[in-house]
Amino acid sequence: MSISGQWATLLHEVIPGPSVTAALPPSTHGFPSHSVVTIATNRKGENPLCTACHKWDLVCDSNKLKEMAQSVFMAGTLVGGIVLGGLSDRFGRKPILSGSYLLLAASGSGAAFSPSFAVYMVLRFLCGFSMAGVTLSTVILNVEWMSTQLRAVMTVGIGYFYTAGQFILPGLAYAIPQWRWLQLTVSVPFFAFFLLSWWVPESIRWMVLSGKCPKALRILQWVAAFNGRKEAGEKLSLEELKLDLQKEISLAKAHHYSVADLFRTPVLRRVTFCLSLAWFSTGFAYYSLAMGVEDFGVNLYLLQVIFGGVDIPAKFITILSMSYLGRHTTEVIALLLAGASILALIFVPSDLQALRTVLAVFGKGCLSSSFSCLFLYTSELYPTVIRQTGMGVSNMLTRVGSMTAPLVRITGELHPFVPNLIFGATALLGGGASLFLPETLHQALPETIEDVEKRSPLAKEPKPEPEAEKDSQRIPLQPCGPNLGPS
């Protein structure tokens, strides 16, 4: 169960102090409702909110520091996505997943005993860093293990566990009024997730490309036995495994791909640019709503439950839309509707809280659909040879958006409508950029950069290559043994 940016608000307003992804408590005035203040008071009649603010000397500037602390967490996720993505290619997906769980558990639990603001900020950065490793490793393992038919269902299905966390956290916050105990409660389970992660099988594709064919074969046989197909697993052989993955091995050894390859050809440049805008705008607008729930004047616990509940129909509609209308249409509609709903908040008076809440919840549901679609859409647009690189860059862009969102909210001091104007316009820009992306419904995954170029309607007929040049591009498959190191 992970805690996203929108839960930071709940933890700030109700239990002032650091959380797994929380920022600083707001100032001692301006609570959204009297019930929140009542809940924030401990059994001795003391308000722990005031105690935390005075203890860290944050009474005057706590609101700005809250936004800064949220950006520090997002900076951690950005750095984690870049660093851990590369480490995942070198050491494998499973070690990064397990290590990230352990770091998240340790830093989150340590935040419960944070003695100062400086220590809290360091632990907050580590929480974001490790959260990026968990997210990226989970997505990659899902793409590399699931079949094409199950990828859409599994991608959205994983998102439902995030939704379950959104339902559980308000109840925990209500039942545990002391922020230190709540922080510890939501962090300790990650130690159990760390232990469970060792039962997750490593990516077969990564092991084969790293020259660990015998180990890959043993894992395949173990998975076959686990699924009740032990006899089929025993029939597998190293030769058959290498034959099935021969094309990917040849491609991996033929060229050392990097981030620069995302911009090497015209079609890939367009795909990368449009996806970058879509990912940035989704993360940017999503966290603007997640961190602004206190602005709607509704009971904070109820609104958090509603924000989590909208994900259930949103994700289900996303599955149907991606399966029948296509990924392209789903992404465009989701971002355009989200941008329109955020811009509509500008024209709704503050006393019409019910209407403002409906628009915010609708926008959040659209952005949740955009996230669900983008995870699958991105993996289908990029070819196999640079798919993980493309996912890493996409993860970086959405973290840049979420990291920038808290800072943009500060512009509300100039005029209340400015943040929503920026957030809504950016979502519309992302939806407009998605219009230029190709459809991937019912299409095989591209293996090479050339496959992506050929799918473009503007692609020209390729010139016939000389036979000698074709022969030079055929690279023999190297023998794969246990002593062969990673390529």
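1. Buried means under 20% relative accessible area, exposed over 50%, and partly exposed in between, using a 1.4 Å probe and protein chains only. F371 is buried, because its relative accessible area is 16%.

2. A word on the basis of this note. The model is predicted: local features need pLDDT of at least 70, side-chain atom pairs count only at pLDDT 80 or more, and totals for chains, interfaces and linings use all residues. Residues are numbered from 1 along each chain as its sequence is written, and side-chain values use heavy atoms, with hydrogens and water left out.

3. Aromatic pairs come next. A pair of aromatic rings is described by the distance of the centres and the angle of the planes. Rings of Phe, Tyr and Trp (its six-membered ring) pair if their centres lie within 6.5 Å; planes under 30 degrees apart count as stacked, over 60 as edge-to-face and the rest as tilted. The count by this rule is 10 aromatic pairs.

4. W279 sits in helix α15 (residues 266-290) and F375 in helix α19 (residues 353-381), so the pair ties together parts that are 96 residues apart in sequence. Helices here are DSSP runs (H or I, at least four residues), as are strands (E, at least two), numbered from the N terminus.

5. F375 has 22% relative accessibility and so counts as partly exposed.

6. Y286 and F371 also pair edge-to-face, at 5.4 Å centre to centre and 75 degrees between the planes. Y286 is in helix α15 and F371 in helix α19; this pair links distant parts of the chain, 85 residues apart. Y286 is buried, with a relative accessible area of 4%.

7. Which residues make up the cluster? W279, Y286, Y287, F371 and F375 form one aromatic cluster.

8. The UniProt annotation "transmembrane region", from an unreviewed entry, covers several spans, among them residues 123-143 and 271-289. UniProt positions follow the numbering used here, feature names are shortened, and annotations may be inferred rather than shown by experiment. Residues 123-143 are 100% helix and 0% strand, with end C-alpha atoms 31 Å apart. Residues 271-289 are likewise 100% helix and 0% strand, and their end C-alpha atoms lie 27 Å apart.

9. L104 lies in helix α5 (residues 93-111). At 1% relative accessibility, L104 is buried. Its C-alpha atom is 8.3 Å from that of F129, 25 residues apart along the chain.
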